[in-house]
Structures are given as structure tokens and as C-alpha cells.
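Here are a few friendly notes to read with the model open beside you. They begin with a term that one of the later steps needs, then turn to the ligand.

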Amino acid sequence: MKPASFHYYRARSLQEALDLLSGAAANGKLLAGGQSLIPLMNLRLARPEALIDLNSIPGLSYIRSEGNKIAIGALTRHREMEFSELLAKELPLLAEAIPQIGHPAIRNRGTLGGSLAHADPAAELPCVLTALDARMVAAGPDGERVIRAEDFFTGFYATALADHEILKEVRIPLDRHPAGWSFVEFARRHGDFALAEASVLLFADGAGDRCTSARVVIGGSVEKPVRVQDVEKLIQDEISIRTQASSLAHVLRRVEQLTETEIRSSIAGRENPDYLCHLTGVLARRALESAMERWRKA
Amino acid sequence: MKAPDLVPVSLEVNGVRFEGDVEPRKTLADFLREELGFTGVNLGCEHGVCGACSVLLDGAVVRSCILLAVQADGCKITTIEGLAREEKLHPIQQAFLDHHALQCGFCTPGMVLAAVDLLKRSPHPTEIQIREALSGNLCMCTGYVNIVRAVSAAAERIQTAEKP
Ligand SMILES: Cc1cc2nc3c(=O)[nH]c(=O)nc-3n(C[C@H](O)[C@H](O)[C@H](O)COP(=O)(O)OP(=O)(O)OC[C@H]3O[C@@H](n4cnc5c(N)ncnc54)[C@H](O)[C@@H]3O)c2cc1C
Ligand code: FES
Ligand code: FES
């Protein structure tokens, strides 16, 4: 239960880390919070030749409001996001998901960038940031590029980041404040990774009573965050703040069924696919119910 | 592969400064136990799940089995050995004693340090907050009822003690 030997590099700037990644430590791995990487190394599931520690790079940890977006540095710890008033006010969906990541001791170290680059299908942040249409800023030897969340997660623990790239910042657009939102997950034990999770955002028209668009993203049971667009369309067509209880119940049932149908092919190959499909449908329904409740209360 | 070079570290543990060279692969837990003798840092799972190895890193509770010693360079660490003041137990330790919140004591250092982190942020925690704060610390023998009671009693005791 100890890591195998490796060379350790403490990068003092992003440029130094990039240089190491395409030079001396080309077979190495970046080290952020270490909350995923070090357990894998202790279990010898990962044996990198070198680690490039990002923790001493100044200026990679921040949460800033920049006009019509929020920018968060890749080295920002989950705990800092959890206690950020700015996020609680501007991005309530994100704020709702963060306390569900692991336990306080994990959140004290784990970072936004590490969680996204690791791309555990059962992690909270990939699902929520896909719902929020976040943009990932990747720094590479030839400069920066911006990747949309939907293109960033490419599969099971896989992202669009190239080997020599470093995730530097996440930008979350603020152009539309949601009328309703909800993130729900189901885990076997408190603080565990989720078996399945659902993010729902509802946007309303100017008068605030018709749902003009929705974002519904599923995680956990699928290998990467999945937008269920048929469900989004159903919500947009059928839901307003005045939807009567009986027709709402009908829509909720259809949301559950449609989610199950849409994700069934992505779940194939997992153990207990019927259970996972059912669970995911139920969570999508519950997330919509709670998003509607918040909309009504506002 | 050639053995990697040792890396110099300088850190403060329980108020005392330590300097030395460590192998990069040494976890903070092993460094604290083997090099410095702080065996109150218990090792259970060694992959971040049980909480027995918890320490405070610059005041925040972290797991020392999934942190490298080289990463603690320049930091202040508190282990369970650093909580008592001379012969006087920390109020959380005293409350664990008073409320029978330990049997074998293996999980206790982690529980107490997680509670220190909680009470610093939330001096008046609800039972739900206490359970949430300790959710990552596993106890195999006492059960959690008395542990939760002890933390709640400690919170009250600290509040009363701090009143002028
Ligand atoms: C007991 C336990 C429970 C947990 N429960 C949950 C949970 O419920 N939900 C959840 O989401 N997570 C959970 N985690 C994981 C935790 O959130 C991790 O912190 C997170 O997944 C990885 O972040 P990190 O900063 O620790 O990354 P590291 O472990 O340091 O790195 C992870 C990977 O990302 C790469 N990387 C890191 N930073 C960058 C970057 N800036 N650019 C490019 N690549 C980078 C690394 O090379 C590595 O491959 C848990 C962990 C533990 C130990
Ligand atoms: S020994 Fe570190 S968490 Fe279990
Ligand atoms: S007191 Fe024995 S494990 Fe908790």
C-alpha cells in the first residue's frame, strides 16, 4: 500500500509545468489534490515515472466574477467552492452539488481541475458543469484552447485534454439565471461516489411563467455525462409554472420513462442495467420535481 | 529505474520545526509515524477511505495517507499528539472520555481531529452537521451514537469556556 518510486518535480509556474510535461517528465502525471491519483498509486494501479506537483504554482486558485461569466482556477479546492458566497448566489446548482463530493477531508484537498481531468463517471462536477455549459481552458505548449464541457468528457475516465496539456480554468456562462435547478444523486453510503445522478436547470421567459428551455444531464450510471435532449424538449413543451398537479404528475412520469429509454444503450455492459436504468429515471424525475418546487417558491 | 533523489522538506509538527530529506514516494502518514514518531496517526485503509490517518494541515482536516510528505513542505501539521495542553486534554478529547466515545481507540484520533475542523467552522453544529462532518471517519467498534454526543457536548463546553 505504498506508491512505487517516482521522480518529483515541484513546478513554480504554469510554463514550468508545461515544459516538464513535454520534456523531462514526459511520462509523468500532474499532481493536484492527489485525492484520486495517490490512492491509485498506493494501490499500484498507477505507477507514473514522475509527478509534476502543481500545488506551488501561484495564481491557479480563484473564484472570480467576470461580467457574464464566473471563472474558477483549476487548483481551487472543493472546500473553497463549498464556502463561496459568489457561487451560492450565482451558481446554485454547482453549490448544491459540491457538499455531495466525498467528505470534508477529501474536499479540503481535492481540486476542480483534478476532478474534471480525472473524469470519473460517478463524480459530481462533470455532470453539473455539463449542465451549466461550462468551458474548460486548456493550456498547452502552443497556447490555450477552450473546450466546451460537452466535448471535454469523451468517455470512461477520458477527456479531450492532450497528454501535454494542463487544465487551467473553468468558465461558466451566467447569461441566463435559472428559474429552477436541482442536483440529486444516489450513493450507497453518505459521501460515496454516486451510482447515478441528475442535474436539471429550468429557464423561464421574461414573464417568468413559461419554461422556455431546460438542461437535463445524467451522470454516474453512464460512462460520461449525457444530456437527455428528448427530456429537455418534453419539459420545454409541457411545463409552465401554472402546470396543474395532475398534468405535472403525467409529465414527471414521462420524464422518468424517457430518461430510462434514452440512456439504456449507454448503460449496456454495466452490472444490473435494469436497476441502474430505473434508478436514473427516478433521479431525473426527482430532480425535475425539486427544480419545479424552487421555481414556484421564487 | 534509478532511485529518485531525496527532496528536502521543512515543516512544523505540533509546534516543533522539522527539517530533513525525504523520498518523494513517502506519504505524510509514514513520515509522521516512522521519521517523527507520531504514531497517533493510525493507518487503516491507506487509500483515503477510513479517516484513521487524519491530521490537520494548516488547520484543515486531511488524510495523511494520500498526501505526500513532500507536499507538506512549509506547512503546519497538527496530529492528535498536539491537541492536549500539558496535562490538560483538549475539550473534544475530554468529551470523548466522558461520553464513552471510544473503545479500541483506533478511529479516535481521526474522529477528534475531524471534530476540531468542524467546530472551528461551525461552533454550534446540529446533529446532522456533526454526522456529515464525521461521515468519512469509520468506527468499527464503538458505534456512532456516543461519538456524536461527545462532539455535541464538546461544542457546548467550548462555548461556555469562551464566554467572559
Ligand atoms: C474517500 C474518497 C471519496 C471520494 N468521493 C468523491 C465523490 O463522492 N465525488 C467526487 O467527485 N470525487 C470524490 N473523490 C475524489 C476527489 O473529489 C478528488 O479530489 C478528485 O476526483 C480529483 O481531484 P484532485 O485534485 O485530488 O486530483 P489528483 O488526484 O491530483 O489528480 C487526478 C487526475 O487528474 C490529473 N490532473 C490533476 N489536475 C490537473 C490539471 N489541472 N490539468 C490536467 N490534469 C490534471 C492528474 O494527473 C490525475 O490523473 C473521493 C476521493 C476519496 C479519496
Ligand atoms: S488510512 Fe488514511 S484514510 Fe484510511
Ligand atoms: S473505537 Fe474502535 S474503531 Fe472506533
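1. A residue is called buried under 20% relative accessible area, exposed over 50%, and partly exposed in between. Please keep in mind that this is a predicted model.

2. With those cut-offs, B:Y144 counts as partly exposed because its relative accessibility is 32%. You will find B:Y144 in the loop between α4 (127-133) and α5 (145-162) of chain B. Together with B:V49, B:L138 and B:M140, B:Y144 makes a nonpolar surface patch of about 390 Å².

3. Now to the ligand. Ligand 1 lies between chains A and B. There are 32 residues around ligand 1, and those that come nearest are A:L30, A:G34, A:L37, A:T111 and A:E124.

4. Which elements of chain A each supply at least two residues of the shell around ligand 1? They are β2 (29-31), α7 (112-118) and β10 (166-173). The most comes from α7(A), which gives four residues to this shell. Sorted by class, the shell has 15 nonpolar, 14 polar and three charged residues.

5. Some polar contacts are worth a look on your screen. From the backbone, a polar atom of A:G191 is 3.4 Å from an oxygen atom of ligand 1. As for cover, ligand 1 taken alone exposes 970 Å², and the protein buries 93% of that.

Key:
Residues numbered from 1 in each chain as written. Chains lettered and ligands numbered in written order. Predicted model: local features only at pLDDT ≥ 70, side-chain atom pairs only at ≥ 80, totals over all residues. Heavy atoms only, no water. Near = heavy atom within 4 Å. Polar contact = N/O pair within 3.5 Å; in protein donor to acceptor, adjacent residues only side chain to side chain. Areas by Shrake-Rupley, 256 points an atom, 1.4 Å probe, with all protein chains shown as cover. Nonpolar A, V, L, I, M, F, W, Y, C, P; charged D, E, K, R; others polar. Patch = residues over 30% accessible without salt bridge, like charges linked within 9 Å, V, L, I, M, F, W, Y side chains within 5 Å. Salt bridge = Lys/Arg side-chain N within 4 Å of Asp/Glu carboxyl O. Buried < 20%, exposed > 50% of the residue type's maximum accessible area, 1.4 Å probe, protein only.
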